[in-house]
Amino acid sequence: MKFQLRLKELRLAKGVSQKELGKIIGATYSAISYWENGTNEPKMSYIVALCKYFEVSADFLLGLTD
């Protein structure tokens, strides 16, 4: 549950849309939407791309640390 909330918070704080974020990391905007809604989970390669883009650790993004 924390992953989807963190992803949305990070995206909104950066001021990018789901579509823009998808283009940046090579995913579709619908994939971003599914991740934020908890419908689906990203592959490891997307988690790495998200961490690099938002400059956070995977532990933070996945809700393992604060």
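**Burial, contacts and a helix crossing**

Reader: Where is Asp-66 found?

Author: In this predicted model, Asp-66 is found in the segment after helix 5.

Reader: Why is Asp-66 called exposed?

Author: The relative accessibility of Asp-66 is 77%. Exposed means over 50%, so Asp-66 counts as exposed at 77%.

Reader: What makes the pairing of the Asp-66 and Arg-6 side chains a polar contact?

Author: The side chain of Asp-66 meets the side chain of Arg-6 at 2.8 Å. A polar contact requires a pair of N or O atoms within 3.5 Å, one able to donate a hydrogen and the other to accept it; the pair at 2.8 Å is therefore counted as a polar contact. Leaving aside neighbours within four places in sequence, Asp-66 is also in contact with Lys-2 and Phe-60.

Reader: Why is Arg-6 called buried?

Author: Arg-6, which lies in helix 1 (residues 2-14), has a relative accessibility of 10%. Buried means under 20%, so Arg-6 counts as buried.

Reader: Which residues does Arg-6 touch, and which backbone oxygen does its side chain reach?

Author: Not counting residues up to four places away in sequence, Arg-6 touches Phe-60, Leu-61, Gly-63, Thr-65 and Asp-66. The Arg-6 side chain reaches the backbone oxygen of Thr-65 at 2.9 Å.

Reader: How do you know that helix 2 is roughly perpendicular to helix 3?

Author: The axes of helix 2 (residues 18-25) and helix 3 (residues 29-37) cross at roughly 110° and come within 7 Å. Angles of 65 to 115 degrees count as roughly perpendicular, which makes helix 2 roughly perpendicular to helix 3. The crossing of helix 2 past helix 3 is right-handed.

Reader: Which residues make the contact between helix 2 and helix 3, and how do they divide by class?

Author: Helix 2 contributes Gln-18, Lys-19, Leu-21, Gly-22 and Ile-25, and helix 3 contributes Tyr-29, Ile-32, Ser-33, Trp-35 and Glu-36. By class, the contact of helix 2 with helix 3 has five nonpolar, three polar and two charged residues.

Definitions and conventions
Residues numbered from 1 in each chain as written. Predicted model: local features only at pLDDT ≥ 70, side-chain atom pairs only at ≥ 80, totals over all residues. Heavy atoms only, no water. Axes fitted to C-alpha atoms, helices over the stretch in contact; angles between N-to-C directions. Helix = DSSP H or I, 4+ residues; strand = E, 2+ residues; numbered from the N terminus. Parallel < 35°, antiparallel > 145°, perpendicular 65-115°, else oblique. Left-handed = near helix turned anticlockwise from the far one by under 90°. Contact = heavy atoms within 4.5 Å. Nonpolar A, V, L, I, M, F, W, Y, C, P; charged D, E, K, R; others polar. Buried < 20%, exposed > 50% of the residue type's maximum accessible area, 1.4 Å probe, protein only.
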